[in-house]
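Hi,

Here is the structure I promised to pass on. Have a look at it first, then read my notes below.

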Amino acid sequence: MDMKKFWAVVVSVAVCVSLMAGCGVRQNAESDDMSAESGSTTDDMLALDPLERTDREELFTDTQEPAPDDTVIRVGGLKGPTSMGLAKLLHDAAANEAACEIDYTLAAAADELTPALIQGNLDMIAVPSNLASVLYNKTEGAVQVLAVNTLGVTYIVDTGDSVGAIGDLKGKTIYATGQGATPEYALRYLLQQNGLDPDADVSIEWKSEPTEVVSLMASGTEEVIAMLPQPFVTVAQSKIENLRVALNMNEQWEALGAESALITGVLVARADFVSEHPALVSTFLEEYQASVTFVNSEVEQASGMVEELDIVKADIAKAALPNCNITFLAGQEMKEALGGFLQVLYDQNPASVGGTLPADDFYYGL
């Protein structure tokens, strides 16, 4: 090859290389733009096959924290100890200092709350323990019990000194509240276990609210015997000078040696609400338990919060709280305590628990 042909070949090759280099720059520029939008380098994109890229995307998605559940929990409670344990939580919620947002309804009787729960207008209600079982059977398992919140809170009080034991109630008239609920079934059971016939040996006069009984006792000139729950025992003592606590029903139950506790109140929820908001329910129960601990340990502060709920005045709450047996039992501990109590009621009268004992799905957290 002569020198002219040689240099012609060199020039041609140089031109081709130059053109190829120009194409490569444009492609890289496009790739860089794509990488900037996707957040990945070209090397990263090339190093992953399509399946590997999908896995990485899924891993990134799975590590994201779920959006917080800001659903407002609609809670209903009764004007008594079953609501007093909620005092700190409701106080914090009103001040926007709780992890849950709560809309609270206070009622004088359980039949004001149960229709709202069944119809979906309330999410949780604090009610007598046997009523929770009745609701479970009535709704074919559409409710769950979340926690036991109150043990025995009823006392036999009188304005004389004739009662020192259950047997002393024979031939007496007892004014009481809680017909068709835990107080009635507990009273009948204790009378029977002490050899008395509730329908023949005593006369029980049922009133709709404890305040009726207190008014009756305050206006009477003769000895009056009544079964009252706290804090209304303390209310009565503040109004009636000669009123005394004759029998602690919780102690009377324990004296029988039964493998169960006297359980007054529980917190129940709609099962569909629990399944739809599991994290929210868990958070609520954690804060509820902390509220119960606070109420039992910081009585003076808690008393003011009880007054905020319009249950009783702070001075009454302060005197009553130590005798209200407010508690928090959940999970297996709840099942053992409540299950044993419901068994006692069932053996006495199946209708008291709705005809049958609840299945395991009645107990939240098992």
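Let's start with one residue. Is L267 buried or exposed? L267 has 0% relative accessibility, and buried means under 20%, so L267 counts as buried. Keep in mind that this is a predicted model.

Where does L267 sit? You'll find L267 in strand 10. Leaving out residues up to four places away in sequence, L267 touches M124, I125, A126, Q144, V145, L146, A147, N149, F284, L285 and Y288. There is also S83: L267 and S83 are 184 residues apart along the chain, yet their C-alpha atoms are separated by 9.7 Å.

Now for the sheet around it. Six strands make up an open sheet with mixed pairing, in the order 2-1-3-10-4-11. From one strand to the next, the twist averages 25 degrees. In case pairing is new to you: strands of a sheet pair through backbone hydrogen bonds, either parallel or antiparallel. Strand 10 (residues 263-270) and strand 4 (residues 143-151) pair in the antiparallel sense, over seven bridges. Across that pairing, V148 stands opposite V266 in strand 10.

Helix 16 packs on this sheet, where it touches strand 4, strand 10 and strand 11, and its direction makes about 80 degrees with that of strand 4.

Next, the nonpolar cores. The largest one has 52 residues, and I156, L169, V266 and L338 touch the most other members. Which helix gives the most to this core? That is helix 16 (residues 331-348), with seven residues.

Last, a pair of helices. The axes of helix 8 (residues 182-193) and helix 16 come within 11 Å and cross at roughly 70 degrees. That makes helix 8 roughly perpendicular to helix 16. Which residues meet there? From helix 8 come T182, Y185, R188, Y189 and Q192, and from helix 16 come F341, V344, L345 and Q348. By class, this contact has five nonpolar, three polar and one charged residues.

Methods: Residues are numbered from 1 along each chain as its sequence is written. This is a predicted model: local features need pLDDT of at least 70, side-chain atom pairs count only at pLDDT 80 or more; totals for chains, interfaces and linings use all residues. Side-chain values use heavy atoms; hydrogens and water are left out. A nonpolar core is a set of buried Ala, Val, Leu, Ile, Met, Phe, Trp, Tyr and Cys residues joined through side-chain atoms within 4.5 Å. Buried means under 20% relative accessible area, exposed over 50%, partly exposed in between (1.4 Å probe, protein chains only). Helices (H or I, at least four residues) and strands (E, at least two) are DSSP runs, numbered from the N terminus. Axes are lines fitted to C-alpha atoms, for helices over the stretch in contact, and angles run from 0 to 180 degrees between N-to-C directions. Angles under 35 degrees count as roughly parallel, over 145 as roughly antiparallel, 65 to 115 as roughly perpendicular and the rest as oblique. Contact means heavy atoms within 4.5 Å. Ala, Val, Leu, Ile, Met, Phe, Trp, Tyr, Cys and Pro count as nonpolar, Asp, Glu, Lys and Arg as charged, and the others, Gly among them, as polar. Two strands pair if DSSP finds at least two bridges between them.
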